[in-house]
Amino acid sequence: MGISMKTTSGKLLASAALVATAAGVAGLGTYGAFTSSTAADQQVTAGTVKVNLTEGATGGLIVPASDILPGDTIERVVTLKNTGSSQLGGVMLTTSTSTPTDLTSNAATGLQLRIERCPAGWAGAPGAYTCGSTAETVLASTSVIGVDRQLAQLTSLTAGQSDSLKIQLVLPAAANDDFQGDQSKVAFSFNATGRNAQTK
């Protein structure tokens with residue numbers, strides 16, 4: 001009596017199917033496990049960099065100066081305040097004019113700019129301002145027109161703090177007759193930058 005190949009093949013196929021099914025059932029058990037999870041929210045708020053300039057009690061920079069002669073000094077008081085939420089990296093001053101004359105374009109004998117701060121606040125009026133403490137130099141004497149001049153010794157780098165500044169414009173005694181009748185308007189722009197990056 002011979003062996004049926006058909007019957008043997010059928011048994012082999014049935015055995016292979018049983019092995020595959022068993023492997024599948026075993027695989028299902030591999031992914032069973034205890035689990036746990038947790039979550040948290042991180043609040044992130046961006047800081048603000050903002051400065052504000054207010055005129056002094058006597059009018060500040062909005063008060064024009066006229067009849068200026070060689071050797072004269074113009075004095076105006078303003079308050080610079082950090083009204084943002086962040087520490088500042090620095091404050092730069094840019095001065096410009098849309099009406100250039102010898103007053104603003106002559107670097108040697110034209111108007112010279114100087115800025116001082118008074119920790120106690122300036123008192124008095126133009127020509128007679130006094131400081132109840134020691135005045136500090138914020139910007140040393142330089143030609144009136146300039147770009148991005150760094151201001152020193154400012155307490156307004158700290159959020160919420162302010163500086164009482166006396167701005168002086170001096171027409172040097174060396175100014176000659178070419179200056180007679182000249183008129184220029186000087187624009188002051190105080191530009192703040194944020195502090196250096198930190199890890200928080």
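Modeller: Start with Q168, which is buried at a relative accessible area of 12%. Buried means under 20% relative accessible area, exposed over 50%, and partly exposed in between, with a 1.4 Å probe and protein chains only. This is a predicted model; local features need pLDDT of at least 70, side-chain atom pairs count only at pLDDT 80 or more, and totals for chains, interfaces and linings use all residues. Residues are numbered from 1 along each chain as its sequence is written, and side-chain values use heavy atoms, with hydrogens and water left out.

Q168 sits in strand β9, residues 162-170. Helices (H or I, at least four residues) and strands (E, at least two) are DSSP runs, numbered from the N terminus. Leaving aside residues up to four places away in sequence, Q168 touches T73, I74, E75, Q112, L113, R114 and E116. Such a contact means heavy atoms within 4.5 Å. The side chains of Q168 and E75 also make a polar contact of 3.2 Å. That term covers a pair of N or O atoms within 3.5 Å; within protein, one must be able to donate a hydrogen and the other to accept it, and residues adjacent in sequence count only if both atoms are side-chain atoms.

Now the charges. Side chains of opposite charge can pair when their charged atoms come close. A salt bridge here is a side-chain nitrogen of Lys or Arg within 4 Å of a carboxyl oxygen of Asp or Glu. The whole structure has 5 of them. E75 pairs with K166, with the closest N and O atoms 3.6 Å apart. K166 is in strand β9 and E75 in strand β2 (residues 73-82), 91 residues apart. Both partners, K166 and E75, are buried.

E116 bridges to R114, with closest N and O atoms at 2.9 Å. E116 is buried at 12% relative accessibility. R114 is partly exposed at 28%.

R117 and D163 form another salt bridge, 2.7 Å from N to O. R117 lies in strand β4 and D163 in strand β9, so this pair ties together parts 46 residues apart in sequence. Shared partners join E75, R114, E116 and K166 into one salt-bridge network. R117 is buried at 7%, and D163 is buried at 1%.

Last, the cross-link. C118 and C131 form a disulfide (cysteine sulfur atoms within 2.5 Å), with their sulfurs 2.0 Å apart. C118 lies in the loop between β4 (112-117) and β5 (122-123) and C131 in strand β6 (residues 130-131), so the link ties parts 13 residues apart in sequence. C118 is buried at 2%; C131 is partly exposed at 21%.
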